[in-house]
Amino acid sequence: MNEGRKIDRREFVQGLGVQVLGALGLSEWTWRRAAAQAATAPLRQLAAEKGLVFGSSLALKYFLQSTAYQQLFVSQCDIATPELHMKWDSLSSQPGVYNFGNADRFVAFCDANRMRVRGHTLVWHDALPAWLASQLTVANGQAIMTEHIHTVAGHFAGKLYSWDVVNEVLDPASRRPDGLRNTLWLENCGVDYLERAFRATAAADPVALLVWNENYLELSNGFGAAKRAAMLNLLDGMLARGVPIHGIGLEAHLRADQATVLGDASYEAFLGELARRGMKIFVTELDVQDVTLPADAGARDQAVAQIYSRFLSATLRQPAVRGIVTWGLADSFSWIAGYRPRTDGLPVRPLPFDANFQPKAAYYAIAATLQSAPRRG
Ligand code: G3I
């Protein structure tokens, strides 16, 4: 420890924690948790200290159900992603007719609480209005897609930190050489629809960071490796043609039984490849499904926290990583309850805070990885 310099309480406890617990040989994760417990600082502050942003997805209806959740959200997050409000099916139910009410309220809430907004998402094969599939054709596909981008990105121009311009566009199961997912956008707009989407978004909003958001890139298995290769190949082609792409979003919907395929050298090498291409990297939808774990909540929380720690330690070693966004903050507001409920009927516990908004082991794991992350930017 640097003798001359005045040190604050947290740093003192951390230093002490490291020496004592290290000497006792307790597991690395335990001392990290002990050290982090000393740090009651909100995750947004711990992230900011390292040049990172921290936040979560949000649907405003959750605040109607709990004002305490609003307080927690504001205290922990300096960036937010609309879980629903900016998706095509939420904004428009008839061709050319848009209602920006909820989305505008979302942006206003974030502005009022000094939070950046991640626009989500302009071009996706899901959350689409019912009329689209029946009316989209090869003749009008490009016009309908770019008109939507023009309208929505234009409406929020200059107000957003970033846009997920395209979402989940890769699928190795399509068996296409380019790895693209077979979607109504590929079918009706052609193989260059990604390029068109990025160019149209840059024209409508020259300020926002333009992000390609994708799932399963974090997995070091055959499926993940195929996605990584397809992304790098398509990225090289688009960057060579001067397509305005500024960042990559890794969704990171993790599972508790995936420890062996997370955070390894091939993953860090992939992040390095993205950084070498000038990409800013964001973890955009982080949570850990606990459906395979035993019933005991304490044991579940430990296992889930270890996944957060393993994944984020590897991720945050890459200086091009600029932000961590979870898909919800508290277990009571997680999509996983509906998507991967437990067979024993117990509530799922995938997020940093429990249903009473109390910090869990996962919160301390995130805090510890932020604290030990190298500073960037
Ligand atoms: O609000 C309606 C309700 O009125 C209706 O009764 C009910 C039954 O149909 O549906 C409700 O809308 C649902 C909405 O969530 C609100 O709960 C939609 O059906 C349902 O599709 C929607 O699911 C969202 C999904 O994206 C599709 O937009 C999830 O909440 C949201 O967590 C999920 O998020 C995605 C990311 O955008 C992209 N990556 C994966 C991630 C998880 O699937």
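How are H9 and H11 oriented relative to each other, roughly parallel or roughly antiparallel?

1. A word on the basis of these notes. The model is predicted, with local features needing pLDDT of at least 70, side-chain atom pairs counting only at pLDDT 80 or more, and totals for chains, interfaces and linings using all residues. Numbering starts from 1 along each chain as its sequence is written, and side-chain values use heavy atoms, leaving out hydrogens and water.

2. Now to the opening question. Helix H9 (residues 141-155) and helix H11 (residues 193-204) have axes that come within 9 Å and cross at roughly 30°. H9 and H11 are therefore roughly parallel to each other (angles under 35 degrees count as roughly parallel, over 145 as roughly antiparallel, 65 to 115 as roughly perpendicular and the rest as oblique). Axes here are lines fitted to C-alpha atoms, for helices over the stretch in contact, with angles running from 0 to 180 degrees between N-to-C directions. Helices (H or I, at least four residues) and strands (E, at least two) are DSSP runs, numbered from the N terminus.

3. From H9, Gln 142, Met 145, Thr 146, Ile 149, His 150, Ala 153 and Gly 154 meet Tyr 193, Arg 196, Ala 197, Ala 200, Thr 201 and Ala 204 of H11, where contact means heavy atoms within 4.5 Å. The residues of this contact divide into seven nonpolar, five polar and one charged; Ala, Val, Leu, Ile, Met, Phe, Trp, Tyr, Cys and Pro count as nonpolar, Asp, Glu, Lys and Arg as charged, and the others, Gly among them, as polar.

4. Helix H14 (residues 297-316) deserves a look too. Its axis is 8 Å from that of helix H16 (residues 361-371), at an angle of about 20°. That makes H14 roughly parallel to H16, and their crossing is right-handed. The residues of H14 that meet H16 include Val 304, Ala 305, Tyr 308 and Leu 312. By class, this contact has ten nonpolar, four polar and one charged residues.

5. H14 also packs with helix H13 (residues 265-276), their axes coming within 9 Å and crossing at roughly 40°. H13 and H14 are therefore oblique to each other. Tyr 267, Glu 268 and Leu 271 in H13 meet Phe 311, Ala 314 and Thr 315 in H14, a set of four nonpolar, one polar and one charged.

6. On to the ligand, which 14 residues surround, the closest being Glu 83, Lys 87, His 120, Glu 168 and Glu 285 (a residue counts if one of its heavy atoms lies within 4 Å).

7. Most residues other than glycine have a negative phi, and most peptide bonds are trans. The peptide bond from His 120 to Thr 121 is cis, with omega near -5°, and Thr 121 is found in strand E3 (residues 116-123). Glu 168 has a positive phi, near 55°, and sits in the loop between strand E4 (162-167) and helix H10 (184-189).

Notes
Left-handed = near helix turned anticlockwise from the far one by under 90°.
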